[in-house]
Amino acid sequence: MAAVPNPVELGAPWGLALPEPPPTRFHRVHGANIRVDPSGTRATRVESFAHGVCFSQEPLAPGQIFLVEIEEKELGWCGHLRLGLTALDPASLAAVPEFSLPDLVNLGHTWVFAITRHHNRVPRDGHPEAEAAAPSRPPALLVEPYLCIEQFRIARDRLVGRSRPGLYSHLLDQLYELNVLPPTARRSRLGVLFCPRPDGTADMHIVINGEDMGPSARGLPVAQPLYAVVDVFASTKSVRLVQLEYGLPSLQTLCRLVIQRSVVHRLAIDGLHLPKGLKDFCKYE
């Protein structure tokens, strides 16, 4: 059996000599109603509300986030995106189940979390459930640029979904510090990862717009390959993969943060003497 990678590789911010994980892609095996684009980075459910289960092309490394952004919604259905991990090799499935919950989970060695508009946070050990479910103010992106999950530290910038600037952006999105997107909204970003523990198991964490929701499953077999599961279910119609930076932020990201610190709100970026492509990158990405 292959050795498990060092669990601090992807979370270590100064590990320049350590290899970056390959870009994330969707697996060629997926639900009957899913169409994956030629790049392997966009998955769309073309009909009905089910048969939308997708997998990562490769097993995840410890601390690697499989991150998707909701691109399209479809009215008239009840329910939203589902995320999780499976130790089942997608290529070995005789048929992809209609639903991740409960069908795929019932096959065993699979852990899936149903995303809801509210109350996605998981209770911590020793904390009352009410505290975990209570809404909290998201951390300021410019003050806390890294998300810390157990032994991993990951640049928060690309984890956070941003709404399109509008008439009231200067009120709702001041200095990019507040995440105003509900978890199930268009452009919201959701991801899944696992963190190994000393006992040889791992915890599964769900990340929503740069916030860790806590360990949504425990006791995962870290010695087995773990694939990401994305169920493009019901009102979620299309998602795209977002590639992350591990280690030091890129020069592009650092430049954007400097620009964002220099303006009062996103609409003010239009008044800067910058190329349109750079303005759009600072406002939307």
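Analyst: Start with a bridge: valine 53 has aspartate 231 in E12 as its bridge partner. Bear in mind that this is a predicted model.

User: How many bridges do E3 and E12 have, and in what sense do they pair?
Analyst: E3 and E12 pair over three bridges, in the antiparallel sense.

User: And what does E5 do with E12?
Analyst: Strand E5, residues 82-86, pairs with strand E12, residues 227-231, over five bridges in the antiparallel sense. Glycine 84 stands opposite valine 229, and leucine 85 stands opposite alanine 228.

User: What's the strand order in that sheet?
Analyst: The order is E3-E12-E5-E6, an open sheet of four strands with antiparallel pairing. E3 (53-55) and E6 (110-114) are the edge strands; each has a single partner strand, so one side of each lacks a neighbour in the sheet. From one strand to the next the twist averages 20°.

User: Back to E12. Which way do its side chains point?
Analyst: Tyr227, Val229 and Asp231 point one way from E12, while Ala228 and Val230 point the other way.

User: Are those residues buried or exposed?
Analyst: All are buried. With five of its five residues buried, E12 is largely enclosed by the rest of the structure.

User: What does the surface come to?
Analyst: The accessible surface is about 13300 Å², and carbon and sulfur atoms account for 59% of it.

Definitions and conventions: Residues are numbered from 1 along each chain as its sequence is written. This is a predicted model: local features need pLDDT of at least 70, side-chain atom pairs count only at pLDDT 80 or more; totals for chains, interfaces and linings use all residues. Side-chain values use heavy atoms; hydrogens and water are left out. Two strands pair if DSSP finds at least two bridges between them. Helices (H or I, at least four residues) and strands (E, at least two) are DSSP runs, numbered from the N terminus. Axes are lines fitted to C-alpha atoms, for helices over the stretch in contact, and angles run from 0 to 180 degrees between N-to-C directions. Accessible areas come from the Shrake-Rupley method with a 1.4 Å probe; for residues, only the protein chains shown count as cover. Buried means under 20% relative accessible area, exposed over 50%, partly exposed in between (1.4 Å probe, protein chains only).
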